[in-house]
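Please read this note with the model open beside it. The points are numbered so that each can be checked in turn.

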Amino acid sequence: MKKTKKILLVEPDYKSLYPPLGLMKISTWHKRQGDAVDFVRGKGLNNRKYDKVYITTLFTYFAEEVIETINFYKNFYPSSELKVGGIFATLMPEYIKKQTGIAPHIGLLKLVENCIPDYSLFPTLKYSLTFTTRGCLRNCEYCAVKTHEPNFLLKENWENDIDLSKSRIVFWDNNWFFSPNFSKDIEKLKKINKPFDFNQGLDARLFTVEKARLLSSLRINPLRFSFDSVRDDGYVQRAIKTAQEFGIDDIRVYVLYNFKDSPEDFYYRINELNKLGALSYPMRYRPIDAIDKHYIDVNWNKESLRALKLILTFYYSKGMIRKNRAAFLKIFGTSPKRVRERFFDIYMRDKEKSKARKKETVFDMRNLNWEEAEMIAV
Ligand code: SF4
């Protein structure tokens, strides 16, 4: 008789909005073999012994947490087989090997790729998670997809991943519009009839009137694009206007900054989006194959990056620049020419406030009344 194995799945204790899909699939695979599976975040321990410990990884800037976690489990379960995988592991396998002695798995784990995620690990999760495609046919310089999902693959039966008891579906496709199954997927979404979100963003350059018509007849919410470079100027605005003509209102746009751009260029892009009534979701660039959390690109400086972080954290919520046009102009100004000055002002004010309130390390713009906030922004 086959011996039941004991499996431990570990997600290091870093900040993540979403559950670890890879581990959820590994869980299903092992449970199908009759194995017993436990999941833990960080260094949670119990008295059990495990045959195999899987540790997932995410962004490179969580390197410290990941390395600490791997070394912890390596020492705590010296006789268990330790498997490390995920995005950081794929981008920097040599670094992980050097720091821990463990050679990680690179890329997708094909064995479990078609397993349904084990939702029982996260009973309070309100959505199903899946992909219709992997990889992307574009090759953007700043993007890690070309390394961790180098081939564009179709997932034919993604609907098997959907748990109908959950209220919505989150797709993690990198570029769904390249999929030859697009029309088939639309039909499936019609049948499933649940709200859904392609939360990595859709490609504005491939957005057409026909796609807007099809998506507006379904329950896509929100609709996401990205405006990562001024090279996309025009495409993004046109896609937003087209979507709006079909009644899609909740449009959110990722805006990369700190990568071959400047505060003025960043201002231009968020201002374009704000004028159109779309929400901007600024995303700070960090090198994809280095662990440098504090990378500063040549046209940015620490003051501007800090000020932007303060604005996003304390003036807006959930890191998004919201629609209110008057608030936008008050914070960022009416012209890109003064945006650096404004950032510097905010940075200095924060510094002074932090000094004044010795116990507080972060200046909280929420504590200000409107006039005070305006003074800082102007
Ligand atoms: S289009 Fe998006 S997913 Fe594709 S390579 Fe560029 S940034 Fe990455």
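1. N193 counts as exposed because it has 9 C-beta neighbours inside 10 Å. N193 sits in the loop between α7 and β9 (196-198). Its phi is positive, about 55°, although N193 is not a glycine. Most residues other than glycine have a negative phi, and most peptide bonds are trans.

2. Two remarks on the source apply to every point. Residues are numbered from 1 along each chain as its sequence is written. The model is predicted: local features need pLDDT of at least 70, side-chain atom pairs count only at pLDDT 80 or more, and totals for chains, interfaces and linings use all residues. As for element names, helices (H or I, at least four residues) and strands (E, at least two) are DSSP runs, numbered from the N terminus.

3. K318 also has a positive phi of about 55° and is not a glycine. K318 lies in the loop between α11 and α12 (325-332). With 10 other C-beta atoms within 10 Å, K318 is exposed.

4. A cis peptide bond joins N221 and P222, with omega about -5°. P222 belongs to the loop between α8 (209-216) and β10 (223-226).

5. Which residues surround the ligand? They are C136, R138, N139, C140, C143, V145, N174, N175 and D203. A residue is near a molecule or strand if its C-beta atom, placed from the backbone, lies within 6 Å of it. By class, this shell has four nonpolar, three polar and two charged residues. Here Ala, Val, Leu, Ile, Met, Phe, Trp, Tyr, Cys and Pro count as nonpolar, Asp, Glu, Lys and Arg as charged, and the others, Gly among them, as polar.

6. F177 is located in the loop between β8 (168-171) and α7 (182-192). F177 counts as partly exposed because it has 17 C-beta neighbours inside 10 Å. Neighbours within four places in sequence aside, F177 is in contact with F182, L202, D203 and L206; two residues are in contact if their C-beta atoms, placed from the backbone, lie within 7 Å. D203 also belongs to the ligand shell. From C-alpha to C-alpha, F177 and K211 are 9.1 Å apart in space, and they are 34 residues apart in sequence.

7. At what angle do α11 and α13 pack? Helix α11 (residues 302-315) and helix α13 (residues 339-356) meet at about 75°, and their axes are 8 Å apart. The axes are lines fitted to C-alpha atoms, for helices over the stretch in contact, and angles run from 0 to 180 degrees between N-to-C directions. The two helices, α11 and α13, are therefore roughly perpendicular to each other. Angles of 65 to 115 degrees count as roughly perpendicular, under 35 as roughly parallel, over 145 as roughly antiparallel, and the rest as oblique. On the α11 side the contact includes E303, A307 and L310, and on the α13 side it includes R340, F343 and Y347. By class, this contact has eight nonpolar, one polar and four charged residues.

8. Helix α10 (residues 263-276) crosses α13 at roughly 100°, and the axes come within 9 Å. These helices, α10 and α13, are therefore also roughly perpendicular to each other. P263, E264 and Y267 in α10 meet V339, R340 and F343 in α13. The residues divide into four nonpolar, no polar and two charged.

9. The largest nonpolar core has 48 residues, of which F225, V236, A239, V253, V255 and A307 touch the most other members. A nonpolar core is a set of buried Ala, Val, Leu, Ile, Met, Phe, Trp, Tyr and Cys residues joined through C-beta atoms within 7 Å. Not counting residues up to four places away in sequence, A239 touches A204, F207 and F225. Another core lies apart from it, with 26 residues, including I26, F62, A63 and M92.

10. Is L9 buried or exposed? L9 counts as buried because it has 25 C-beta neighbours inside 10 Å. L9 is part of strand β1 (residues 6-11). Leaving aside neighbours within four places in sequence, its contacts are L23, I26, S27, V37, D38, F39 and Y54.

Key: Buried ≥ 20, exposed ≤ 12 C-beta atoms within 10 Å, placed from the backbone.
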